Amino acid sequence: MNSRAESLSLPGQLTGRTAIVTGAASGIGRVTADLFVRRGARVLAVDLHADGLAELAERIATPDSLHTVAVDLTDAGAPDHVAQSCLERFGAPNVLANIAGKAGDGPLEDTTDEDLDFYLRVNFGTAFRLSRATVPHFPPDGGAIVNTSSTFGLVGVRGSAPYSAAKGAVTSVTRQLAADLGRRNIRVNAVAPGLIATPATQAKIDAGLFDDSVTRSRPLPRVGVPADIANAVAFLASEDAAFITGVTVPVCGGWSTTRYRD
Ligand SMILES: NC(=O)c1ccc[n+]([C@@H]2O[C@H](COP(=O)([O-])OP(=O)(O)OC[C@H]3O[C@@H](n4cnc5c(N)ncnc54)[C@H](O)[C@@H]3O)[C@@H](O)[C@H]2O)c1
């Protein structure tokens, strides 16, 4: 038995790890950045919104463990800027958690070319381009990339074509990069959140828009919370998942596989 298999630690520990977390100003990304620091990582927290990043920094008990970078990840120079910021502040990254993204819906006939380009760029392009910019800087013993797909990337849902297609691309590139990077000991996995209460969804949840289509029809009927996803991201980023690569893990109370009915 090798030493990794023999070593047992607390689950999801990231002690001594350097992690880049995108989408860290809000919702799932913010809770993930916070959890990563509490699990022992140094975190480069990246987002479009400087205010949200500043609020995150105020909450962190160990400020030396967090550095923030406010940048639009769809900008041409953004991935290299993030990679360089990480190298300068904390050194080589061991973990990249691509969480930034944006959902949207509407009928196919009303979807413009601009919509198609936007959802692909913000949900798929950000993860792809940041992976490309950071992978050369991962240390020789590798690390982990965790992407954020969606249950909409796994299951067809009416009225969400460009967003769902972009999340499907995230699931696909997760498998692809796992193949490309395995020999470098970089694992690549994804989470596929179901409905999670965040600033992006709270108003629709409060209005009851998902009660029938999501909440009541899944085996675990409560609304998900960001920590449900953050815990899964931390697990996939940690050595506990040392032999897992190329998979997308649905974290959705069973909605992507099972329908509950009375
Ligand atoms: N909340 C859900 O129900 C749900 C379900 C499935 C998938 N997801 C996915 O989870 C991720 C997080 O979603 P959330 O609900 O926490 O949303 P959120 O809006 O609360 O947070 C998303 C963050 O990403 C940032 N971001 C967006 N575009 C960016 C860009 N171009 N550059 C830098 N930062 C950018 C935003 O500023 C925001 O802080 C997204 O990828 C989303 O698609 C969420």
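## Helix H2 and its partners

The crossing of H2 and H9 is right-handed, that is, the near helix is turned clockwise from the far one by less than a right angle. Residues 226–237 form helix H9, which packs against H2 at an angle of about 50 degrees, the two axes lying 8 Å apart. The model is predicted, with local features requiring pLDDT of at least 70 and side-chain atom pairs pLDDT 80 or more, whereas totals for chains, interfaces and linings use all residues. Residues are numbered from 1 along each chain as its sequence is written, and side-chain values use heavy atoms, leaving out hydrogens and water.

A further partner of H2 is helix H3, residues 50–59, whose axis comes within 11 Å of that of H2 and crosses the H2 axis at roughly 30 degrees (angles run from 0 to 180 degrees between N-to-C directions). This angle makes H2 roughly parallel to H3. The crossing of H2 and H3 is, like that of H2 and H9, right-handed.

## Helices H5 and H6

The axes of H5 and H6 come within 8 Å and cross at roughly 20 degrees. H5 is therefore roughly parallel to H6, and the crossing of this pair is right-handed.

## The shell around the ligand

The ligand is surrounded by 30 residues (each with a heavy atom within 4 Å), and the closest of them are Ser26, Asp47, Tyr163, Ile196 and Thr198. At least two residues of this shell come from each of helix H2 (27–38), helix H5 (113–134) and helix H6 (161–181) (helices are DSSP runs of H or I, at least four residues). Sorted by class, the shell holds 14 nonpolar, 13 polar and three charged residues, with Gly counted as polar and Tyr as nonpolar.

## Polar contacts and burial

For Asp72, a side-chain N or O atom is 2.9 Å from a nitrogen atom of the ligand. Taken alone, the ligand exposes 820 Å², of which the protein buries 90% (Shrake-Rupley method, 1.4 Å probe).

Conventions
Polar contact = N/O pair within 3.5 Å; in protein donor to acceptor, adjacent residues only side chain to side chain. Parallel < 35°, antiparallel > 145°, perpendicular 65-115°, else oblique.
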